[in-house]
Structure formats: structure tokens, C-alpha cells
Amino acid sequence: MSYNCINLDCILKWLENFICPTEKIKWKNLYLFFSYIKSVIIMEINGVEIEDNFAEAFGIQTSRILITAATKKLAKVAAVEATGYGTSVIGCPAEAGIDCYVPPQETPDGRPGYIIMICNMDKKKLDHELLERIGMCILTAATTAVFDAMEEPDEKFKTGHKLKFYGDGYEKVLDIQGRKIHSIPLMSGDFLVESELGVKAGVAGGNLFILAENQPAGLLAADAAVDAIKAVPGAITPFPGGIVASGSKVGSNKYKFLNASTNEKMCVTLKGDVEGCNIPENVDGVYEIVIDGVDEEAVKAAMKAGIEAATKVNGVLQISAGNFGGNLGKYNIKLQELF
């Protein structure tokens with residue numbers, strides 16, 4: 001990993017301290033020279049420019065649950081089902097994704113499992129999504145069990161307690177490693193679910209833009225970034241395969257009934273046709289990675305890991321990020337400060 005960055009902020013501040021009112025004319029040209037140099041200095045990682053920009057993220061309510069099953073394959077099947085239709089709260093009832101794989105020796109019941117995250121802006125809606133997704137996508141999957149995986153939750157939802165009624169009076173209460181577990185009899189055996197599941201205020205909408213010389217290079221880099229982010233605990237990439245093909249903007253320039261529409265300034269096929277286009281002339285492949293996390297630090301760690309992986313791919317020219325001038329969310333994650 002090679003970093004190349006010269007930060008002239010300190011030089012400029014130092015220079016300001018030595019400019020006396022009577023000498024401002026004398027120092028003016030020198031100060032302007034340093035200001036110009038600062039504006040053109042480029043931060044590079046592995047020879048790829050990291051734009052002086054920020055990702056604008058926002059608060060979201062997050063849950064984190066562990067799904068175990070008799071085999072790794074069965075656990076993965078349930079995890080995939082439970083996180084479906086969960087790309088963006090722009091149109092989906094939740095944002096959801098697989099966080100990580102957990103080996104048998106690290107799970108409460110000694111079976112392989114996957115941790116997933118389900119997120120929503122509203123607590124009541126998240127409570128509803130947990131009940132529906134666990135009840136319809138995990139309880140219905142062969143040999144599964146569900147355990148709480150949220151560390152230091154703000155509060156807990158009684159999701160498992162509500163699901164126990166499916167047992168129609170035949171359900172039982174178990175204790176597994178100090179956890180209150182409801183055992184619900186099914187045709188195939190018992191479904192186990194922890195009585196309460198933790199929820200906490202997290203961060204959604206962390207992002208990075210990968211600008212490449214062509215689409216194949218951009219796609220390879222995006223895939224590498226997603227793979228790297230998988231190793232960061234407490235973070236997910238909720239879009240299909242973790243890659244966003246359709247980066248959007250808030251609202252619409254033409255259709256007032258839309259709350260989101262295509263980000264025309266980042267569309268490669270509109271390059272040269274749109275005023276204020278943000279795509280350099282030598283870029284013909286653009287992909288976005290969106291990241292949700294249990295907290296800001298998890299999102300930052302995921303962004304950093306993704307950028308480091310993407311910049312190792314030949315053909316990647318620049319890393320940028322999406323923001324709305326600070327009007328969407330309170331988290332402004334500056335790309336260069338990640339390093």
C-alpha cells in the first residue's frame with residue numbers, strides 16, 4: 001500500500017501567523033502561491049487519486065442478528081432470504097445485508113451461522129421488519145435458529161417473544177449460554193429464537209465512488225471493495241452484490257413527484273451532455289458502494305478497506321464520494337481523513 005499526500009494546511013496557517021497588517025502587500029503573492037499549490041496537490045493511494053471530498057451519511061436504526069443452521073449452506077440460504085428487498089429505504093421497507101460468517105466454535109449452539117443486519121429509519125418499522133423477516137424467511141428455513149448479535153444495544157425488541165405464539169401453546173423456554181430462547185415446534189423439528197433482539201442507532205449512506213477508465217475495470221474494483229468490506233464487522237453493503245449501479249440524487253430536476261432520481265452528473269453515457277458533469281474525460285466506468293454500519297467508526301473502517309482494495313485494480317483512476325452539500329445527513333466522512 002503506497003500513500004502520497006502533502007497537506008499544506010499547516011503551512012498556510014503558519015504563514016498567516018507571520019503576516020503583519022503592514023506587510024500584507026509584501027506577503028500577498030506568496031500566500032496566494034501556497035493557496036494555489038494546496039488546491040492542486042493530489043492525494044494518491046497506489047497511484048489512484050483520492051478526491052478531496054466527503055461522503056454524506058445519516059442516522060438509522062440498526063439490528064444485528066445471528067442465524068445458525070445445521071450446515072453453512074442452510075445458514076447462508078436463510079440469511080440471503082431474510083435480507084432480500086433491502087437495498088435502500090428510498091423504496092424498500094428496510095436496508096439489509098449479510099455482515100459476516102461465524103464458525104461453529106463461536107456460536108451459542110455450536111453450529112455455523114451468518115450475522116445479518118436489518119436497518120430502518122423508524123424504530124416501529126424496524127420492529128415490524130424484524131418480525132416479518134424472521135417469521136417468514138428464517139423460521140420457514142430448514143434447521144435455523146436466531147440469536148441476538150448486537151453489542152451494547154440502545155434497547156431491545158421482543159421479537160422472539162412475539163414469534164413464540166406460532167407454537168400455538170406447544171412452545172417452550174430454553175436457556176442457552178444465559179440467553180432466554182423460545183423453542184417453537186415445527187414439522188421438521190424445533191425453531192429456536194432469542195426472546196429479545198438488540199437495536200441501536202447506527203449510520204447509513206456511507207459511500208465511495210469508483211471512477212475507472214472503463215466499465216470492466218470499475219466493476220472489478222467494486223467487487224474487490226465489497227470483498228474487503230466483508231471483513232469489517234458491523235458493516236454491510238446492502239445493494240445487489242454490494243455494488244450500486246444506479247447512484248441517485250435527492251428529488252428530481254423535472255418530475256416533482258419523485259423523491260429520488262438518477263444522478264445525471266455521474267452518468268457516463270451523459271458525459272458531455274450535462275452541465276456540471278463530474279466525470280473526467282478519461283473515465284468511462286463509474287460504480288458506487290453504499291455502506292451501513294452499527295456506528296460511524298464501522299462505516300469509516302469499511303470505506304477505508306474498500307478504497308484500499310479498489311485502488312489496487314488496474315484501470316482505476318479516481319476515488320470520490322457522494323454528498324448533498326451537508327443537507328441530507330449529519331455525518332460528513334471525508335475521504336482523505338480516512339488515511
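What follows is a walk through this structure, from the overall build to a few individual residues.

Start with how to read it: this is a predicted model, in which local features need pLDDT of at least 70 and side-chain atom pairs count only at pLDDT 80 or more, while totals for chains, interfaces and linings use all residues. Residues are numbered from 1 along each chain as its sequence is written, and side-chain values use heavy atoms, with hydrogens and water left out.

Now for the big picture. The protein has 7 helices and 18 strands; these are DSSP runs (H or I of at least four residues for helices, E of at least two for strands), numbered from the N terminus. Of its 339 residues, 48% count as buried. Here buried means under 20% relative accessible area, exposed means over 50%, and partly exposed is in between, using a 1.4 Å probe and protein chains only.

Let's go inside. In soluble globular proteins, nonpolar side chains tend to be buried together. A nonpolar core here is a set of buried Ala, Val, Leu, Ile, Met, Phe, Trp, Tyr and Cys residues joined through side-chain atoms within 4.5 Å. The largest one has 34 residues, and those with the most contacts inside it are I210, I289, I291, M303, I307, I319 and L335. Helix α7 (residues 296–310) supplies the largest share of this core, 6 residues. Pick out I307 and look around: leaving aside neighbours within four places in sequence, I307 is in contact with I45, I50, L208, I319, L335, L338 and F339. There is also a second, separate core of 27 residues, which includes A96, L139, A141 and L163.

Next, find T311, in the loop between α7 and β17 (316–320). Is T311 buried or exposed? T311 is buried, with a relative accessible area of 3%. Not counting residues up to four places away in sequence, T311 touches I45, N46, V48, I50 and I319. With N46 there is a polar contact, side chain to side chain, at 3.1 Å. A polar contact is a pair of N or O atoms within 3.5 Å; within protein, one must be able to donate a hydrogen and the other to accept it, and residues adjacent in sequence count only if both atoms are side-chain atoms. T311 and I210 are 101 residues apart in sequence, but their C-alpha atoms are 8.8 Å apart in space.

On to the charges. Side chains of opposite charge can pair when their charged atoms come close. The structure holds 12 salt bridges, each being a side-chain nitrogen of Lys or Arg within 4 Å of a carboxyl oxygen of Asp or Glu. One of them joins K123 and E155 at 2.6 Å, N to O. K123 sits in helix α4 (residues 123–138) and E155 in strand β8, so this pair ties together parts that are 32 residues apart in sequence. K123 is partly exposed at 37% relative accessibility, and E155 is partly exposed at 30%. Another salt bridge links D148 and K156, at 3.9 Å. In that pair D148 is buried at 9%, whereas K156 is partly exposed at 41%.

Finally, look at the loops. Most residues other than glycine have a negative phi, and most peptide bonds are trans. E152 has a positive phi of about 50 degrees although it is not a glycine. You'll find E152 in the loop between β7 (145–148) and β8 (155–157), exposed at 68% relative accessibility. D168 also has a positive phi, of about 55 degrees, without being a glycine. D168 lies in the loop between α5 (159–163) and β9 (172–176), and D168 is exposed too, at 63%.

Notes: Contact = heavy atoms within 4.5 Å.
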